[in-house]
Amino acid sequence: MTVTDTIVAVATPPGVGGIGVVRLSGPQALPIARRLTRRAQLLPRHAHYGSFIDPATGESLDDGLILSFPGPHSYTGEDVIELQGHGSPVLLEAIVAAAVDLGARRARPGEFTEQAFLNGRLDLAQAEAVADLIHAQTEQAARLARSSLDGALATELEPVSRAIRDLRVIIEAEIDFGETDLESEAAADIARRADTLHTTIRELLERLRPARYFAQGLRLALVGAPNVGKSSLMNRLAESEVAIVTDRPGTTRDVLRSPIAIHGIPVELIDTAGLHASEDPVEKIGMERAREAATGADLILELRDLTRPDAAPDLAAPAEIPRLTVWNKMDCVADSTRADHGLRISARTGAGVDALKQAIVERLGVSEGGQQRFSVRARHLDGLRTTATHLAAIDAAAPPDLIAEELRLAERALDALLGRQDHEALLGEIFAGFCIGK
């Protein structure tokens with residue numbers, strides 16, 4: 001894209017609707033809108049009613065509202081025009097094609113938000129929050145994305161970035177004007193303050209790590225021996241009959257998936273074939289798929305049977321994947337029989353399922369007390385880890401140039417997190433995941 005480009009796209013979701021919006025942004029947005037609507041005057045932030053005209057034929061394409069948002073006080077920081085007509089995909093495409101004929105270019109996915117970032121209307125974390133808000137699958141996820149869009153992450157990180165910058169000023173001054181071996185008190189003071197900042201970042205990481213589940217969702221795999229109640233539990237959690245349930249072991253032979261929400265976290269619930277010794281070729285394929293699903297999960301829920309305590313699944317999953325063991329069929333045994341077992345439920349009656357949901361979020365470290373204040377992506381966590389690594393490497397006995405370099409790299413990691421550096425490849429990856437027209 002060049003600074004002279006004017007981009008155009010349909011800003012409403014694909015398909016038929018009552019209203020459809022075509023958005024233009026760029027230096028030619030207003031002249032193109034004037035030609036499309038044959039209106040010489042478009043008052044800023046006023047809704048004008050009129051026709052959208054095909055410049056090639058002079059025929060009316062549709063009727064609707066025209067709104068003008070002059071830059072720099074617009075979403076993208078450039079002149080923005082919105083044409084609001086009927087939600088017919090055919091009519092909206094005709095309007096877009098007419099704008100292209102008049103000199104606009106079809107926008108790439110996320111290009112409007114990318115322009116907002118490049119023009120300083122949003123930082124990178126806020127731009128990502130736009131996508132998180134659009135794709136939010138739960139009310140909690142939407143709330144956290146909305147908070148990020150308001151700049152909550154930058155507000156949290158700015159004091160740390162400023163403190164690192166202050167330390168860089170001190171060390172650079174010592175290098176230029178102080179002792180060559182930094183035998184003053186500055187080195188010890190810098191090391192102490194860097195250690196405090198390192199602790200702050202580590203605490204922030206621990207608090208933010210669970211928040212990524214609200215934006216990215218959670219893959220929860222149900223595993224267990226045959227006939228322990230995995231499919232029954234899936235139906236109970238999904239609140240619908242998504243899996244076939246019978247008394248016959250081995251009913252589930254393939255991987256079943258269902259989207260649910262647990263305490264505001266979008267969850268992909270994965271039901272798998274029972275894991276046991278078998279020579280049946282179909283069962284063996286199903287069990288192999290079950291193991292693959294468990295290996296790719298964020299949390300493994302291992303279901304056991306209180307009526308058959310020795311029936312354990314044959315599963316060797318990576319140790320880094322957290323696992324939660326749950327005992328099913330509490331309605332089938334006496335209290336004394338299950339006294340030594342931990343988390344107990346009945347997938348058939350629903351007893352203990354609420355406690356199971358609470359145990360899932362606690363196992364993930366998610367707090368319902370408001371600790372998650374904004375949406376977080378894996379990229380943000382990586383940036384914080386890098387910052388913490390460089391702060392931890394600062395040693396008062398190290399050469400001053402090395403201390404200065406570690407501080408520079410720590411600040412650079414935070415700048416990259418918020419998009420304060422030119423990372424063209426990173427921007428392409430981030431905005432490619434947006435919808436066209438946003």
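Mentor: Start with R23. Its charged end sits over the ring of Y75, 5.6 Å from the ring centre. R23 also lies over the face of F112, this time at 5.5 Å from the ring centre. Keep in mind that this is a predicted model. As for aromatic pairs, a search of the whole structure finds zero.

Helix α12 covers residues 378-392, and helix α7 covers residues 186-208. Their axes come within 9 Å and cross at roughly 155°. An angle over 145° counts as roughly antiparallel, so α7 and α12 are roughly antiparallel to each other. The crossing of α7 past α12 is left-handed. Look at who touches whom. From α7 come A194, L197, H198, I201, R202, L204, L205 and L208. From α12 come L381, L384, R385, T387, A388, L391 and A392. Sorted by class, the residues of this contact are 11 nonpolar, two polar and two charged.

Stay on α12, but look at its contact with helix α13, residues 400-418. The two axes are 8 Å apart, and the packing angle is about 170°. That makes α12 roughly antiparallel to α13. On the α12 side, the residues are R379, H380, G383, L384, T386, T387, H390 and L391. On the α13 side, they are E406, L407, L409, A410, A413, L414, A416 and L417. By class, the contact of α12 with α13 has nine nonpolar, five polar and two charged residues. Pick out L384, T387 and L391 of α12. They take part in the contact with α13, and they are also listed in the contact with α7.

One more helix pair is left. Helix α4 runs over residues 124-134, and helix α5 over residues 139-149. They pack at an angle of about 155°, with axes 8 Å apart. The result is that α4 is roughly antiparallel to α5. Here too the crossing is left-handed, as α4 passes α5. Q126, A129, V130, D132 and L133 of α4 make the contact with A142, A145, R146, S148 and L149 of α5. Those residues divide into six nonpolar, two polar and two charged.

Note on methods: Residues numbered from 1 in each chain as written. Predicted model: local features only at pLDDT ≥ 70, side-chain atom pairs only at ≥ 80, totals over all residues. Heavy atoms only, no water. Axes fitted to C-alpha atoms, helices over the stretch in contact; angles between N-to-C directions. Helix = DSSP H or I, 4+ residues; strand = E, 2+ residues; numbered from the N terminus. Parallel < 35°, antiparallel > 145°, perpendicular 65-115°, else oblique. Left-handed = near helix turned anticlockwise from the far one by under 90°. Contact = heavy atoms within 4.5 Å. Nonpolar A, V, L, I, M, F, W, Y, C, P; charged D, E, K, R; others polar. Phe/Tyr/Trp six-rings, centres within 6.5 Å; stacked < 30°, edge-to-face > 60°. Lys NZ or Arg CZ within 6 Å of the ring centre and 35° of its normal.
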